Amino acid sequence: MCNLPVHVSCRSNAEYMSPSGKVPFVHVGNQVVSELGPIVQFTKAKGHSLSDGLDDVQRAEMKAYMELVNNMLLTAELYIQWCDDTTATEISRPRYSSPYSWPLNQILAYQKQWEVRRKMNAIGWAGKSLEQVYEDVSQCCQALSQRLGTQPYFFNKQPTELDALVFGHLFTILTTRLTSDELGEKIKSYSNLLAFCRRIEQSYFEDSQAGSSSRGYSKGPSLF
Amino acid sequence: MGTVHARSLDPLPMQGPELGVHADDIETPEMEQESKQEVLENKDVIVQHVHIDGLGRTKEDCLTYEIAGVFRAKNLIDVMKRAHEARQKLLRLGIFRQVEVVIDTSQGVDALPNGLDVTFEVTELRRMTGSYNTMVGNNEGSMVLGLKLPNVFGRAEKLTFQFSYGTKETSYGLSFFKPQPGHFERNFAVNFYKVTGQFPWSSLRETDRGVSTEFSFPLWKTNHTLKWEGVWRELGCLARTASFAVREESGHSLKSSLSHAMVIDTRNSTILPRRGALLKINQELAGYTGGDASFLKEDFELQFNKRLFWDSVLSASLWGGCLLPIGDKPTCIADRFYLGGPTSVRGFSMYSIGPQSEGDYLGGEVYWAGAVHLYTPLPFRPGKGGFGDLFRTHFFLNAGNLCNLNYGDGPRAHLSKLAECIRWSYGAGIVLRLGNIARLELNYCIPMGVQSGDRICDGVQFGAGIRFL
């Protein structure tokens with residue numbers, strides 16, 4: 001969105017290559033910066049920013065919505081992938097263990113599952129059922145939908161970091177195959193969010209990839 | 001040599017005041033004594049019984065092989081020699097604290113006049129021994145707990161457990177060793193381990209969790225070892241400033257490999273040998289028994305020693321190795337060879353020769369290293385016969401090279417690449433021998449042939465280790 005040249009590279013050990021253990025991360029010259037917040041600050045230090053046109057109130061609002069997305073959508077994604085037994089067994093564990101050979105693939109997949117479940121325990125989501133999680137996602141989408149309204153982007157007519165983050169999560173949810181389509185359906189029930197995703201995909205990604213279904217099993221775009 | 005007691009064959013009559021001797025009587029026994037005294041060396045003897053006393057949990061069947069040689073003795077000196085050899089064999093099993101030999105005449109109903117009984121009085125080691133050490137080194141302190149169970153099931157099996165808890169890393173290992181009864185040199189061992197290592201020259205941290213089984217056997221004059229090893233390797237960056245090439249290697253991988261090692265060692269000592277030669281050839285094939293890593297690795301080590309005038313020793317050694325990846329995956333940084341440092345090419349910093357990226361050394365797939373040493377006793381020989389004998393001065397010339405294989409160029413191009421830009425160094429120093437395992441060196445080195453990217457350590461360099469070029 002900032003019109004900076006970027007090359008995306010997919011590696012099986014990207015999680016371990018990252019200095020903080022989380023993807024995505026960028027490798028620019030000699031520097032390696034990981035996670036959205038530091039990447040945004042890094043590009044801002046170099047003089048590129050999407051939120052220059054916002055005033056302080058709007059910036060605070062943007063931060064609040066970004067926190068909402070992180071707390072709700074991200075946690076729901078992790079819950080559905082790892083805490084739901086059918087999804088974990090059929091999709092998440094085989095996918096996570098595919099680059100490795102036996103028995104390492106089993107060990108690493110179970111290790112990841114235990115790690116995510118421990119995290120869910122710590123934040124109190126362990127007791128939630130799948131239906132409750134779907135409800136939470138629905139509420140989050142409702143809040144986003146209300147904020148978006150009929151505008152093309154969340155703030156004015158220019159995209160900001162919030163647009164990038166929301167697009168990332170919604171696009172991934174819509175294009176990742178899970179055991180049931182219920183999550184995708186919840187998103188689709190908010191038509192303006194769906195139109196928002198399509199619009200961004202057409203404006204920024206149409207020329208660089210074949211189509212929305214080419215992603216398949218990938219968790220989301222990773223910038224290298 | 002242990003204590004050997006031997007009683008004479010014919011017991012002589014006792015003489016004393018109780019017998020009430022007459023003058024005539026005194027004369028006769030002495031003459032009898034002279035005629036009965038025989039030269040024991042030439043007298044034929046038969047070893048009738050060989051006992052082992054003091055066995056607790058050791059099973060006798062595995063010991064019969066070690067003591068079988070004693071039965072074949074023909075005369076007394078032979079008996080003593082063979083008994084000594086059997087004692088050495090019993091001690092090398094590692095299950096006895098002490099072995100004493102007692103040679104006596106045969107007693108009992110079926111005793112022959114020239115029959116002998118040989119008894120080995122042994123003291124077994126305790127069932128379990130423990131040790132506790134603290135170690136400090138490399139900015140890390142650690143506590144090491146060791147547990148050893150010699151002779152677990154009675155046939156010289158050994159179980160060892162070692163646990164090391166440090167400020168930075170924790171590692172442990174469990175090992176089981178079993179020799180074949182009767183052929184101690186044929187043995188097999190099973191190890192489980194978790195080892196962590198930090199390599200600051202590559203900014204790399206490696207954690208290995210693995211299991212290995214090995215089987216050793218002698219064949220004519222050589223000693224072979226076949227080993228299967230399965231390791232779960234986890235690589236990580238040691239610092240945030242690690243180069244991207246090292247960062248790319250982070251993550252998990254599984255290596256399952258079969259390896260074979262052959263050793264011919266005719267040296268008289270492992271550290272500072274005076275004569276003899278060593279040839280060690282090692283090959284490792286990974287990938288055909290599972291796992292992610294897939295390569296063929298060859299490694300050899302050659303050393304000659306010859307004694308010269310005035311107690312000095314000339315030693316020449318050559319090392320080399322080659323790592324060939326199989327398939328299209330590139331080699332892993334943990335499998336490659338490294339060169340440089342006080343234990344290989346002296347004058348350069350530890351493992352700081354060859355391909356590097358932003359100051360992190362990545363290792364190479366092909367290398368060779370050679371050295372010529374002249375060891376002499378310390379000048380003016382202080383402390384001769386005692387402490388001074390542990391020291392030696394040496395003059396050395398080291399050379400070596402390390403590079404990667406650029407596939408498709410052919411072997412001739414690789415050989416020429418190894419022959420150009422050779423790193424070499426010369427110098428002199430003092431060597432201290434520690435037991436029979438390790439040595440310390442303090443050298444003054446002058447490195448030459450330094451290429452851009454190598455890190456040198458000219459001047460005084462200190463080294464400690466087990467395997468030196």
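## Backbone geometry and exposure

B:E358 counts as exposed, at 51% relative accessibility; by the cut-offs applied, exposed means over 50% relative accessible area, buried means under 20%, and partly exposed lies in between (1.4 Å probe, protein chains only). This is a predicted model, in which local features need pLDDT of at least 70 and side-chain atom pairs count only at pLDDT 80 or more, while totals for chains, interfaces and linings use all residues. Residues are numbered from 1 along each chain as its sequence is written, chains are lettered from A and ligands numbered from 1 in the order in which they are written, and side-chain values use heavy atoms, with hydrogens and water left out.

B:E358 is not a glycine, yet it has a positive phi of about 55°. B:E358 lies in the loop between strand 16 (356–357) and strand 17 (360–361) of chain B. Helices (H or I, at least four residues) and strands (E, at least two) are DSSP runs, numbered from the N terminus.

In chain A, A:E35 likewise has a positive phi, of about 75°, without being a glycine. The loop that holds A:E35 runs between strand 2 (31–34) and helix 2 (36–45). With a relative accessible area of 31%, A:E35 is partly exposed.

One joins A:V23 and A:P24, with omega about 5°, and A:P24 is found in the loop between helix 1 (14–17) and strand 1 (25–28). Another joins A:W102 and A:P103, with omega about -5°; A:P103 is found in the loop between helix 4 (85–97) and helix 5 (104–123).

## Aromatic rings and charges

Over all chains the structure holds 15 aromatic pairs. Rings of Phe, Tyr and Trp (its six-membered ring) pair if their centres lie within 6.5 Å; planes under 30 degrees apart count as stacked, over 60 as edge-to-face and the rest as tilted. One tilted pair is formed by B:F215 and B:F217, 5.6 Å centre to centre with 40° between the planes. B:F215 is partly exposed, at 38% relative accessibility. In chain B, one aromatic cluster consists of B:F199, B:W201, B:Y338 and B:Y351.

Charged ends also sit over rings, as tabulated below; the criterion is NZ of Lys or CZ of Arg within 6 Å of the ring centre and within 35 degrees of the ring normal.

| Charged residue | Ring | Distance to ring centre |
|---|---|---|
| B:K297 | B:F337 | 5.2 Å |
| B:R346 | B:F396 | 5.2 Å |

## Cysteines

The structure holds zero disulfides over all chains, a disulfide being a pair of cysteine sulfur atoms within 2.5 Å. B:C403 is buried, at 8% relative accessibility. B:C445 is in no disulfide either, and its nearest cysteine sulfur, that of B:C457, is 6.7 Å away. B:C445 is buried as well, at 1% relative accessibility.

## Chain B as a whole

Chain B has five helices and 22 strands. Its C-alpha trace spans about 105 × 55 × 45 Å along the principal axes. The radius of gyration of chain B is 30 Å, whereas a compact globule of 469 residues would have one near 23 Å; the radius is taken over C-alpha atoms, and the globule rule is 2.2 Å times the number of residues to the power 0.38. Buried residues make up 42% of the 469 residues in chain B.
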